[in-house]
Amino acid sequence: MLRQEALSSAQKQREEILRIAKEKAEAEARQSDVETEQLLKNYRKLAEARRDDAVSKALELILGG
Amino acid sequence: MNRVSESLDKLHNRILSDAKLKADETIREAQAKADQIIAEARQRAQKEADELLAKAKLEAEAVRRSILSSKVRANRLRVLDEKNRIVQEVLGAVEERLSNIAKSSRFGETAQRFVAEAVKAVDSDQPVVRLGFKGSSKQNLDSVSKVLPKGSKLVFEEDPVDGLGGVVASDAEGRIIFNNSFRSRLERLDSQLLKLIASTIFGE
């Protein structure tokens, strides 16, 4: 009886620990998606601003190198 | 007679008292034993529960790592894909500019230099030079013949060499060939180009 009570309580705690860990990880994963989206947005902005410069430098290298 | 009866009473009482003492001691011992058994059972159950919880914490960490690592991996791939797409887009624009170089003011000088480099690389008395650029005419390539040694053969291709334009030189027998087309130069400079474009755009 003692054992059964202790294990039953531990089992409930185990389920709670797993549930919280899963929820926390999913929240972190969503945060990672948000940060990645922001990073991609920044890269696109940089590409737009520096594209011509990159093309010129590449042409210099090919034509001069 | 009375005295015998009194003695028997005393004896009876003592026996009862002894028996009660004995019974009380037995009960105390049994109670102590029962308490010990319960305490040990409680300890064992607690140990089992603690082990189960410790295992649950490890499982939780594994669940967390599994969810996060696959997400982090997927997001890293998305970032790499996007950077690659941007670099390829720049390379596409570079190819476009190269294929239209005949329209630029530096065309004559570039064609001469490409020819000179290719002829030097082949190092032949009678080099054969093939050149072809999109939108170029024999007239605007005439300046090229200035840099050719005597005995050279110049061939004007109708189509751009290797699709983007350029120069290919060989010895008369075609055993030594130096490909100085834009495509070939792009391939030779591939890793330098990728680094240059990435550092210009992403600052890395």
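B:Glu204 is exposed because 8 C-beta neighbours lie inside 10 Å. The structure is a predicted model, in which local features need pLDDT of at least 70, side-chain atom pairs count only at pLDDT 80 or more, and totals for chains, interfaces and linings use all residues. Residues are numbered from 1 along each chain as its sequence is written, while chains are lettered from A and ligands numbered from 1 in the order in which they are written.

B:Glu204 sits in the segment after α4 (190–202) of chain B. Neighbours within four places in sequence aside, B:Glu204 is in contact with B:Ala198 and B:Ser199. Contact requires C-beta atoms, placed from the backbone, within 7 Å.

The axes of α1 (residues 2–99) of chain B and α4(B) come within 10 Å and cross at roughly 110°. Axes are lines fitted to C-alpha atoms, for helices over the stretch in contact, and angles run from 0 to 180 degrees between N-to-C directions. α1(B) is therefore roughly perpendicular to α4(B), a label for angles of 65 to 115 degrees. On the α1(B) side, the contact is made by B:Lys83, B:Ile86, B:Val87 and B:Val90. α4(B) contributes B:Leu194, B:Ile197, B:Ala198, B:Ile201 and B:Phe202.

Chain B holds four helices and four strands. Helices (H or I, at least four residues) and strands (E, at least two) are DSSP runs, numbered from the N terminus. From that terminus the order is α-α-β-β-β-β-α-α. The domain assignment gives domain 1 (1–78) and domain 2 (100–202); such bounds come from an automatic or database assignment. The centres of the two domains, taken over C-alpha atoms, are 92 Å apart.

Along the principal axes, the C-alpha atoms of chain B fill a box of roughly 165 × 35 × 25 Å. Of its 204 residues, 21% count as buried.

Chain A has one helix and zero strands. In chain A, 14% of the 65 residues count as buried.

Terms used. Buried ≥ 20, exposed ≤ 12 C-beta atoms within 10 Å, placed from the backbone. Contact = placed C-beta atoms within 7 Å. Parallel < 35°, antiparallel > 145°, perpendicular 65-115°, else oblique.
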